[in-house]
Every structure is written in C-alpha cells, then in structure tokens.
Amino acid sequence: MTKSISLDALWESATPTELVFNSDKLSHLPAAAKQYLEHAIAPGTQLASAVRLKMHGEIKLKNWIPFKAEQVICWNHGLIWSATAWMNGLPIVGSDRIIDGIGAMQWKLLGIFPVMVASGSDITRSATGRLQSESIWLPCVFCGDDVSWKVIDSSHLHSSFVVQGESAELDLTVNQTGQLKTFKLPRWGNPDGTEFRYVDFGGILEEERTFGGYTIPTRLRVGWYFGSERFESEGEFFRATIDDAVYR
C-alpha cells in the first residue's frame with residue numbers, strides 16, 4: 001500500500017472482524033478504563049478496524065477559516081484526512097495522511113496551485129502523533145491486549161500502545177459516566193516554527209454522539225501546548241464537529 005492511496009481505497013482495505021464487544025473480557029482492566037470502554041462501545045457491537053468520518057469546522061491559518069472534510073482511519077494502515085478550506089472565498093483543497101509509516105501533506109489553492117507540500121521523517125512522526133490522538137474515534141483499539149493502562153485517579157487514565165512503530169503515551173480524562181472530556185499526549189512537531197521536538201498536544205471534547213454502537217466525541221477543540229495557558233492564546237488551531245461516522 002503506497003502513500004498515494006485514495007480515501008476510498010484505504011476504506012476498502014479495512015478488514016472486518018467477527019469479534020464483538022463483551023465487557024466481561026475487560027475485567028482485568030482498571031475500573032475507570034473499563035467504565036470508559038463500556039460507555040464508548042455498546043454490548044455486542046462488532047469490533048471495527050476502521051472508521052469513516054464526515055466533519056466540518058474551522059482551522060487556524062493566521063486567521064480562523066472554515067473547512068469541510070472526510071477522514072478514514074484504518075488502524076492497520078493509517079489515516080487520510082481530505083478537506084476543503086476557504087480562504088478569502090477561495091478553496092484550498094488537500095489532505096494530511098500517514099500510510100504504512102509514510103506521512104505527507106499536500107494542499108493546493110483552487111485544487112491547482114500548491115500552497116503546502118511536506119513529507120519526510122518529521123512529517124511522518126508528527127502525523128503518527130495525530131493518528132495516536134485520533135484513536136478516540138476508534139475506541140475498540142483500546143480493547144486490545146497490546147494496550148496498557150495506568151489510573152491516576154477515578155477521572156484520569158493513561159494508556160500506552162504502539163502504532164506505526166511509534167509509542168503513544170495518551171492521557172484521557174473521563175467524567176463519572178465514562179464520557180471522554182480531554183485527551184493529551186506528547187506529539188512530534190514545531191508549532192513555533194523552530195526545531196521539531198515533542199510538544200504537549202491535546203483537545204477538549206465538548207459533545208458526543210452514538211454511531212453504529214460507538215459513542216465518540218463529536219465536538220472538539222484541539223491544539224498544541226495543551227494543559228498550559230499557551231493552548232488558548234496560540235496553541236489551539238482546530239475546531240471540528242463530527243457529522244457522521246461509519247464503522248467496519
């Protein structure tokens with residue numbers, strides 16, 4: 001599978017499983033982790049390997065501009081986020097992706113004139129961090145034996161797992177019903193334009209909805225320097241609402 005794969009082809013590559021969600025198999029997990037998964041996945045729901053999302057929102061490129069996007073996360077291969085944003089009434093069309101260990105960004109004004117093209121090891125590592133954080137839209141990945149959990153207290157969870165060859169250290173906060181409220185992890189990036197390094201990255205999850213047995217965050221604010229005052233003043237760059245989600 002190459003990095004030039006289309007959104008549709010990535011979706012078709014997902015292999016459905018016959019396994020279904022059974023909370024009895026989570027008895028070995030910390031109580032808060034078990035509560036989160038029982039909130040996020042209805043009993044008997046088929047454990048998916050991919051999700052296809054439709055969303056709209058705003059992205060900050062100096063100023064906030066509107067976008068519409070479609071995204072596929074296929075856990076075995078990666079993700080593609082394909083979007084159109086509008087700057088001064090003109091469309092900027094492109095995608096961010098990480099496929100089988102290769103990350104890339106490509107954006108074109110009017111779909112013709114390149115405005116951002118990026119690839120290489122730093123882009124790949126940063127895109128892997130995005131995939132790690134967006135595991136919250138595919139909560140069945142947290143049911144695997146390859147995920148380890150630590151509980152800080154009844155509302156703070158820490159999960160460790162590996163995806164695309166990179167270790168993720170993902171902090172989650174939940175309320176008393178198991179609903180996700182925030183996520184945070186160290187993500188490779190250079191939000192200030194200097195050298196690439198690990199920077200705290202995360203989001204505030206403001207609403208949720210249920211699609212096909214999965215209850216996921218559907219309104220969120222995301223950015224760098226999460227957990228500090230810099231998040232509000234300069235780190236936040238992405239605000240999105242999920243309009244639809246399909247699992248397979």
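Contact is taken here as heavy atoms within 4.5 Å. The structure is a predicted model, in which local features need pLDDT of at least 70, side-chain atom pairs count only at pLDDT 80 or more, and totals for chains, interfaces and linings use all residues. Residues are numbered from 1 along each chain as its sequence is written, and side-chain values use heavy atoms, with hydrogens and water left out.

Apart from residues up to four places away in sequence, tyrosine 36 touches Ile136, Pro139, Phe142, Trp149, Leu157, Leu172, Val174, Gly178 and Leu180. A nonpolar core is a set of buried Ala, Val, Leu, Ile, Met, Phe, Trp, Tyr and Cys residues joined through side-chain atoms within 4.5 Å; buried means under 20% relative accessible area, exposed over 50%, and partly exposed in between (1.4 Å probe, protein chains only). The largest such core has 63 residues, of which Tyr36 and Met55 touch the most other members. Trp11, Ala14, Ile80 and Ile99 are among the 10 residues of a second, separate core.

Lysine 60 lies in strand 1, residues 50-61 (strands are DSSP runs of E, at least two residues, numbered from the N terminus). With a relative accessible area of 29%, lysine 60 is partly exposed. Beyond its neighbours within four places in sequence, lysine 60 is in contact with Ser233, Glu236 and Phe237. The C-alpha atoms of lysine 60 and phenylalanine 237 are 4.7 Å apart, although the two residues are separated by 177 residues in sequence.

Leucine 90 belongs to strand 4, residues 90-99, and counts as partly exposed at 40% relative accessibility.

How values were computed
Helix = DSSP H or I, 4+ residues; strand = E, 2+ residues; numbered from the N terminus.
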